[in-house]
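I opened my notebook to look up a few things in this structure. Here is what I wrote down as I went along.

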Amino acid sequence: MNSVIICPHCGIRNRINSNFCNHCGADLRAESSAARAAERGPATGPDDVNDAAAESNARDARYFDDDPHADAVDEHERDVGVGDDGADTADDFALLAESKAFERPALRDPLAQLSTDLQGLLTPHVVSSVTSDPAHADEQPASVAAHENPLAGLAEADLHRVRHLLGNEPTLTNAPLEVSAVGPPTLRIPWLFGLLGLFMLLAFLVNLPDLPGQPPALPGVSAAYRQIEDLADNRLVLVWWAYDPATAGEMDLIALPLLRHLTARQQQLFLFSPLPTGVATAERLFTRLDAEINLRGSAAALRSADYLPGGPAIMPLLGQSLALAARDTTLQGRLNANPAASAPVTPEQPALALVVAAQAEDVQNWLEQVQPRNHTPVVAITGAAADPILRPYWDSGQLAGLVSGVDGGLAYEALLNNAVAANAEAIPRLSQLALGARHQMVQIQNWGHIGFALIILLGNLAILVHSA
Amino acid sequence: MTEALAAQLDTAGFWISFLLALFTFSAILRDNVLSRLAQHIFVGAALGYLAVLLVQNVLRPRLITPLVQHGPGNIWITVPAVLGVLLLLAAIDRSIQQGDNAERLQPLGRRLLYGLGMLGVAILLGVGISTTVLGALQGTLAPQFARVAQSGPAASGLAAALWVQIAVVVLMLFVTTGVLVHLYVAPRLLETAHPVVQVGLRFWSWLGKRVLWLSAGLLFARLILSRVSLLGAQIDYFAQMLRATPLWPAIVALRHMLGL
């Protein structure tokens, strides 16, 4: 049985379900599906057997007919220990032969070329289509072939070796091509997702018991709360909204309590987003906030929302001249002094910057490009994965507050609820529906964590048993 | 649009997104036509949305409207507009001619077009790289180093505090270089270096390896937390959908019957 697939581009071994080569990134989906078909065993019906045999013969024949260097490949595979048994070697030949079936001459029709390029956004080109193949060599103009493929005369085995060398950092020793004679263990993704999903679905379908204890609040949550609580009313708060629906499942729960707090404190939020769908995501969340606190009009706190493309290069503008970046006239009015007016407006600096981002890079960019220029305190609201990277910025004092992960959001929510208990009029209560939804999400996640821990435990046990 | 129609569109959108989510998740089992269809729809819709957004929010208010209102006199608008148009023309021409070694084989006019088109890219790259490098220095490297240098237990007296800071800086450099030794230096020098140096390198590499383990473990744990949250949100979304189907009363009845 063949438990690995050989990359047709660089010759390295890959896990059987790999879509792309771990070493060179070549598209292995054709090879992977063929290997899986081979792993499922021979066909059962007589017709299937005949068809499979005929197809196999045809593939082998095509391979050997098309490629005069087949013997060299055979020798090479033996050298690197791939063809340990006959079945593997035969499979490898078949996989190599199949990869050649994807080869095609260069498209000359401009429209066809354009559509292929667009398709490349989704489906990477088969890398082996640019290998040297004597069968297609005559379809290219001689000048192009000479320029584009100086390795045209090399055998497939030598090509593998060249690609492997070019794809690696140079080493001082003559390291062998393969690091292990045994293929890596098979990763059964559907089982992993199935188990994890089952645990989390159970928490929804069955009233599993609440897990004891509360999630620990990491440092930075209470500081973020104090930053917002200490703001005077009706101040200008700048929001950098750097997440979209792809990460909204996590980020919404973290951002909601802080937005609820800002709304309750009657702050004026001016939002910029570097993401195309960021503004729509923010507006949707404010609408949800309206529903959760049974109060129509909290979305009015969001005074303006602008899409601002340009990445880190545009961000210094926010620190140097917010008025230039702003298209909203209200914001421009608050930012620009007007000495000619009878009652000049004092230019205003943002009282607080709220960076709402799923990735650490967006917060880092803000701290590197904007904060050194306008010196506005920054509170970061981020996903759990960003926390370890951003924690040093909190320790160094560059962040005035850090709320990360759903655990951070829940800790903030608890602070808000304490405030509600102390002074019910200051902060709007969450509706019962919203409270129930929060509780259910916490349940689902807690049991998901237990499921994940079990998967890791079982996996380690399986490896131990296998090794023994 | 009437409210009833809007509500119907909302419901339709809900179900379409539910189906597309199922299609996407089906890729867990294996690559299939439905998951590919969902991927193509997502990418197509995202690109279309982005194109409309760029025209409506960027090109029209920040470029076209000022050009129409004030004419081409303002170089801060005219020059970027010209560079943008040249880049667009070069990209279209290059895309159509792709694979023909355009730089060497094309006539002068086309090469000039590519050169002018690349001018805008060069400006973007230059500004982007310099901004990023300077920002990293002033926003990350300097403050973080200063913070590390100032940390350490409270010490009495200036000299003691100075020694603590020096020790912390040395420790930070030692650990950081330990990682580098483990990754790059040790594997190459271990076989050839003097035995005493080998012992030192092995310890240094050992330390660097543990630091990497600790960092990777911490990152991985928080990454898991984040991804489980995302999966939980999806399941919660499915749960909401399930509540809207006739299946839900049956589930509730089953739960009641089983006492769950």
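I started with Leu402(A), which sits in strand β8 (residues 401-404) of chain A. Helices (H or I, at least four residues) and strands (E, at least two) are DSSP runs, numbered from the N terminus. This is a predicted model, in which local features need pLDDT of at least 70, side-chain atom pairs count only at pLDDT 80 or more, and totals for chains, interfaces and linings use all residues. Residues are numbered from 1 along each chain as its sequence is written, chains are lettered from A and ligands numbered from 1 in the order in which they are written, and side-chain values use heavy atoms, with hydrogens and water left out.

Is Leu402(A) buried or exposed? I found Leu402(A) buried, with a relative accessible area of 1%. (Buried means under 20% relative accessible area, exposed over 50%, and partly exposed in between, with a 1.4 Å probe and protein chains only.) Next I listed its contacts (heavy atoms within 4.5 Å). Leaving aside neighbours within four places in sequence, the partners of Leu402(A) include Pro219(A), Val221(A), Thr382(A), Leu390(A) and Trp394(A). Asp387(A) is another partner of Leu402(A); the two are 15 residues apart in sequence and 8.4 Å apart in space, C-alpha to C-alpha.

**Cores**

I then looked for nonpolar cores, meaning sets of buried Ala, Val, Leu, Ile, Met, Phe, Trp, Tyr and Cys residues joined through side-chain atoms within 4.5 Å. The largest one has 46 residues, and Trp241(A), Leu259(A) and Tyr412(A) are among those with the most contacts inside it. Helix α11 (residues 248-264) of chain A supplies the largest share of this core, nine residues. Apart from it I noted another core, of 25 residues, including Leu308(A) and Ala386(A). Back at Tyr412(A), I saw that it touches Val221(A), Tyr225(A), Pro257(A) and His261(A), among others, not counting residues up to four places away in sequence.

Most residues other than glycine have a negative phi. I came across Asn234(A), whose phi is positive, near 60°, although Asn234(A) is a residue other than glycine. Asn234(A) lies in the loop between α10 (221-229) and β3 (236-242) of chain A and is partly exposed, with a relative accessible area of 43%. His375(A), also not a glycine, has a positive phi of about 55°. His375(A) is in the loop between α17 (371-374) and β7 of chain A, and is exposed at 60% relative accessible area.

**Chain A as a whole**

How many helices and strands does chain A have? I counted 20 helices and eight strands. Of the 468 residues in chain A, buried ones make up 44%. Among contacts in chain A between residues at least 6 apart in sequence, 72% join residues at least 24 apart.

**Confidence**

I checked pLDDT too (the predictor's confidence in each residue, from 0 to 100). Chain A has a mean pLDDT of 71, with 60% of its residues reaching 70 or more. Which elements of chain A have the lowest and the highest mean pLDDT? The lowest mean, 41, belongs to helix α3 (residues 70-79), and the highest, 96, to strand β7 (residues 378-382). Over residues 43-108 of chain A, pLDDT stays under 50, and the model has 91 contacts beyond four places in sequence for them. Residues 139-147 of chain A also stay under 50, with five such contacts.
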